[in-house]
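Please keep the structure open beside you as you read.

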Amino acid sequence: MSRLAIIVTICVVVLFLGSWIFKALQAQDAGVDHYLLRGFLVTCSAFLTLAILSFLYKDNPIYKFAEHLYVGISAGYWMSQGFWSTIVGNLIPRLSQSLSGFFKQPYNAGEWMGGFFYTNWVFYVPVIFGVLLLMRLSSKYGWISRWALAFIVGTTAGLQFIRYMRSDFIEQISSTFVPLLVDWQGIGHFFSNLSLSATGQLVAMVSNWIIFLGVLCGLIYFFFSKEHTGLFGKASRFGIWILMVTFGASFGYTVMGRVSLLVGRITFLFRDWLGITS
Amino acid sequence: MQQLTLSVFQPGVLISLAVIGVGLALLLRWTLQGREVDRRVIFAFIFVSVATPVLFPITFEVKATPIAKALFEKIESLPEGTKVMISYDFDPAMAPEVLPMANAVVRHCFQKNHKLVFIAIWATGQSLLNQTLQQVVAVEFPEKQQGIDWCNLGYKAGNEGVMNVIVTNLKKMFPTDVNSTPLEQIEILEGIQSCRDFALIVSLGGGQPGPKEWILYVGDPGNVPIGAGTAAVSAPQLYAYYPKQLIGLLGGVKGAAEYEFELMQKYERFKSVDAPGIRMMGPQTLAHVVIIAFIMLGNVAYLRTRRKKGGAA
Amino acid sequence: MKRQVPLLITLFVGTLLIVSVFVPPLEGMQENSTLFFDIIAVFAFFLGGGNLIRIHLTKVARKKGDWEYSLVTLFGFLLMLSSGLFKIGNPGDIAAAVDTPGSWFQTIFFYMMSPLNSTMYALLAFFVASASYRAFRAKNREATILLVSAFIILLGQTPFGTMLTSWMPDKFSVLEIPNMAVWVMSSPNLAGQRAILIGIGLGVVGMSLRIILGIERTYLGEDKG
């Protein structure tokens, strides 16, 4: 360990302890139960925030520590949630009455069909596939996890085929057929109101033309089986422009989103940790 | 049609403008001198431009855009006691944007005496829902009872798979609520067989699965009106579904601010509650201005280099 | 066994889910099949956890580079997992939600996972700013259109945009920056997004069909020997 690393570590530890004491005292004044714990947790939260932000200077051990901690905690989080919500909530009540009782879940009794088939038996299927999926961890029998993978992929494909066909293809095309001549009342009226709130006329018409032509030309741009020359090329060029406007809008919104997250963290540091703003 | 007004003569605005002005003047000088600006200088600048209005808050008046107002009006127009499903489909990374709108929508629904059924398609959504329940429902609507006025079905794994089941059979996917109470014992769920029995579903999220999947797997096949509150990054995509497949949309923190403002305008009691969406518009504004300035400075540097190259040729 | 069985499974499940949309009596089977998918998804979480343990334990055992951080990952994983699976500190009984306020699980989520997750994404604000300065150049017509559109949206989302064009008469209110931003979002942006959606929709439909029919097999990986 270099001398600099030792100094930095000592500084971090001292600051952490100082913050812990300070926050604990604050919590005690506010009458919070377990004020020592509260002080520790708020300090921990702040230091983890700062640890991630330290990446802005450069990649460093403090950042790596926080990053690795995050990976571990996240994996544990999703596993626990998955276990309690779906395994305990959906699977066990259909497979075992005694286990349902243990977990205090209402047992979901199945029915006997024709006297020889118990409907809940089908719920052994996901258990078998689940176990097959876990075989992926074995180097010798890992191939068998493909069966479970095939189930996952098949389900996803089956679900998406219909849903995308309906909502992202048919409905989207249907929504593109908009009136291109909106509420026509003569040329005088047409130029009389350029307000966006005007009911119809110029702005509404331009919007509808752009929607119709924009979708058409955007799709032409994505059509690579024909060379983009002549009228087709011009349409494709217009399609690019529309897509550029779209990407610009997306960029603007992305900036807004990312800044919001930063505001959230800075607000936490200033208000909840340092207490310098209300 | 849209207003977002700001009074310049506020300490927050003046201090922020001064900080930004000095920084930008410095950057412009360096750019004109052809100096390479270290990325850390830019980082520091962004930090300061966001931090200053957090320290010296700026107040705004925000009025809703038509797409945000559409969601507000929909909730406003539903008759008292209507059953609305609210899905928490976000993680802590989206929370600064989405949680304010979630809180605002819940406030609005409870103010209108609608019955709320919460679910989460993201595991993190279930944990974040606790914040709404503790900070909004318990504090502002203590009279609302669990099981009668609202219930929390919690999270189920499977993403779109969950939606695909609940569009036809809610109980099959959610035999109990989050605290293992059987659905039959929850009063609010009487008469509810599937998602089709809700008058409105509001998906609050921004990733996948999120509002888009609600439209694809529940809204369109089940003929259920879907409203959405989403993180800014996914808002532009959702415009393609409006108004036919999506009845209204709150996009990013601006959407949250618009909803909060509408709520304040309509209901006096909400004028005194915390409005994080509106509060965040201050730093947001400054950061946008700074980023626009960066783009302009970058282009100045680019034009300068191009002119030099042209001159050399 | 290694290739034919998975292909048959995919064909059966995929076809069932498509056919059930048109044949209502198959709805129950479709629901079950999707519920199986949801349950298997949890096993995928377990697989992820198992893989994480295996990789990091190997790293620690062999003392590979940065192995100390693997200990941190394992610590975080076991801490969260044990808090969740055993519901440590949960004020309710075993039937209560795993993340009931007051439980270790919710506390670790709120004070550790939450700041780590949100700060990780907040970092992007800095990189977006840096990229804006370095890479966002009006080099040609298309880039300029993108730039102008981004400007309108960025300004239109803030009161600053309103201030700049508030002098505009009502008749031309569409030219006010905030209104232009609304128009850009609900007209050209909508058109572009819709073109992209239709393109992606077609792609997804085509790919789904290829998978169900067994033409697309890359998800099965390669056979070794």
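How many residues does the contact take from chain B and from chain C? It takes 65 residues from chain B and 58 residues from chain C, where contact means heavy atoms within 4.5 Å.

## About the model

This is a predicted model, in which local features need pLDDT of at least 70, side-chain atom pairs count only at pLDDT 80 or more, and totals for chains, interfaces and linings use all residues. Residues are numbered from 1 along each chain as its sequence is written, chains are lettered from A and ligands numbered from 1 in the order in which they are written, and side-chain values use heavy atoms, with hydrogens and water left out.

The size of an interface is often given as the accessible area lost when the parts come together. Here, buried area is the accessible area (1.4 Å probe) that two parts lose on being put together, summed over both. For chain B and chain C that area is about 5400 Å², with 65% from carbon and sulfur atoms. On the chain B side, B:Lys172, B:Tyr239 and B:Ile295 provide 11% of the area buried against chain C, more than any other three residues.

With chain A, the contact draws on 116 residues from chain A and 121 residues from chain C. About 11100 Å² is buried between chain A and chain C, and carbon and sulfur atoms account for 80% of it. The residues of chain A that lose the most area to chain C are A:Met79, A:Trp84 and A:Arg146, together 7% of what that side buries.

## Chain C on its own

Chain C is built from eight helices and has zero strands; helices (H or I, at least four residues) and strands (E, at least two) are DSSP runs, numbered from the N terminus. Its radius of gyration, taken over C-alpha atoms, is 26 Å, while a compact globule of 225 residues would have one near 17 Å, by the rule of 2.2 Å times the number of residues to the power 0.38.

Of the 225 residues in chain C, 56% are buried, meaning under 20% relative accessible area (1.4 Å probe, protein chains only). Among contacts in chain C with a separation of 6 or more, 32% join residues 24 or more positions apart.

## Chain B on its own

Chain B has 11 helices and eight strands, and its C-alpha atoms fill a box of roughly 80 × 45 × 35 Å along the principal axes. Buried residues make up 67% of its 313 residues. In chain B, residues 24 or more positions apart account for 76% of the contacts with a separation of 6 or more.

Technical notes. Buried < 20%, exposed > 50% of the residue type's maximum accessible area, 1.4 Å probe, protein only.
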